[in-house]
Amino acid sequence: MPKQTLVFENPVQLTLNQSQLCISYKDTPGEEHFRAIEDIAMILVDNHSVSMTIPLLGELAENNVAVVFCDQKHMPASMLMNLDANCRQEKYFRLQLEASEPTKKQMWKNVVETKIRNQAQLLETLGRNSNKLSRYLNSVRSGDTTNCEGHAAQIYWKELMGKGFVRDRFGEYPNNFLNYGYTILRAATARALMGSGLLPALGIFHRNYYDAFPLADDIMEPYRPFVDQVEIRLMGQKQRKLTKEVKRAFLELFYQEVPFGEQMVQLGTCLTYTAASVAKFFAGETKALAYPRVICG
């Protein structure tokens, strides 16, 4: 059974009752609903009147449930994660800390190549020109020392969104749609990494004093075109505001089946497989990270 994502946009009280999540609606006293915690992947809290008990938060952490809190602008702002999500955590923490620079550079080369490939595939499925990305895809070096990722991104955004588009982490429409989708993706990636015994705070490329999850920022890169694909669909539907329907579209992305190897796998499950391949890469058990491919949707 696929893991669930629960979104709370109304005043509710969330408690722990017989090892289950108990949802009590403040506007309708006496009404309660229950969810099995082991079936939950993520909880998104988008109302400052939601209350959660400490025992519940502890049980959610114990089950590696990512709890994401939104700010007053309804954008994901913080996240609660488990610090002990895998029985082999100490082993992988040590492997991450001791990883050589050539290992991390080779891993980043793998990430960049896959990201550019997925970007090119998305452009093709949308009938846009992807030819210019080919030369960068075939020129990525260890550690991406020539910044093929950045050069490819400039071409990609112009082809995808038009020449006048400027990507801005704090910008208005359509950047706010992308920012919302990427933030949810980042939380889901961090959860998957911790589930594989990895520490998201130890990145292979992204390094920022104020960044708590640089490894998640690294590994999520090839997944960004999936978010971009949703954005393009929403733009085609003339969506301009970050409504409940728009947010739902990004959350439902993780239940979309995409090509993964020879199978069709839900995107949320793909993140789990990708995280497992990252752990194997650090352990020297593989030389390739496992990622899904973009298809037209």
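The largest pocket of this predicted model holds about 1400 Å³ of space. A pocket is an open set of points on a 1 Å grid over the protein atoms alone, with protein on both sides within 12 Å along at least five of seven lines, and lining residues have an atom within 4 Å of a point. Its lining comprises 42 residues, and Arg167, Arg169, Asn179, Tyr182 and Arg224 are the closest to the pocket centre.

Because the model is predicted, local features need pLDDT of at least 70 and side-chain atom pairs count only at pLDDT 80 or more, while totals for chains, interfaces and linings use all residues. Residues are numbered from 1 along each chain as its sequence is written, and side-chain values use heavy atoms, without hydrogens or water.

**Lining of the largest pocket**

- Two or more lining residues come from each of strand E8 (76-80), helix H3 (101-125), helix H5 (148-161), helix H6 and helix H8 (224-236); helices (H or I, at least four residues) and strands (E, at least two) are DSSP runs numbered from the N terminus.
- H5 provides the largest share of the lining, with 7 residues.
- By type, the lining contains 17 nonpolar, 10 polar and 15 charged residues; Asp, Glu, Lys and Arg count as charged, Ala, Val, Leu, Ile, Met, Phe, Trp, Tyr, Cys and Pro as nonpolar, and the others, Gly among them, as polar.

**Helix H6 and its surroundings**

- H6 covers residues 175-195, 21 residues in total, and its first and last C-alpha atoms are 30 Å apart, close to the 30 Å expected at 1.5 Å a residue; the expected span is 1.5 Å times one less than the number of residues.
- H6 is largely enclosed by the rest of the structure, because 18 of its 21 residues are buried; buried means under 20% relative accessible area, exposed over 50%, and partly exposed in between, with a 1.4 Å probe and protein chains only.
- Pro174 is found in the loop between H5 and H6, and the peptide bond from Tyr173 to Pro174 is cis, with omega near 0°.
- After H6 comes Gly197, which has a positive phi near 85°.

**The open sheet**

- The order E1-E5-E7-E8 describes an open sheet of 4 strands with mixed pairing; two strands pair if DSSP finds at least two bridges between them.
- Strand E1 (4-8) and E8 are the edge strands, each pairing on one side only.
- Strand E7 (residues 66-70) pairs with E8 in the antiparallel sense over 4 bridges, and Val67 has Leu80 in E8 as its bridge partner.
- A hairpin is formed by E7 and E8 with 5 residues between them, and His74 in the turn has a positive phi of about 70°.

**Positive phi in two further loops**

- Most residues other than glycine have a negative phi.
- Ser19, in the loop between strand E2 (12-17) and strand E3 (20-25), has a positive phi of about 65° although it is not a glycine, and Ser19 is partly exposed, with a relative accessible area of 49%.
- Lys238, in the loop between H8 and helix H9 (244-252), is not a glycine either and has a positive phi of about 65°; Lys238 is exposed, with a relative accessible area of 63%.

How values were computed: On a 1 Å grid over the protein atoms alone, a cavity is a set of points where a 1.4 Å probe fits but cannot get out, and a pocket is an open set with protein on both sides within 12 Å along at least five of seven lines; lining residues have an atom within 4 Å of a point. Grid points are joined across faces, edges and corners, and a volume is the space filled by probe spheres set on the points.
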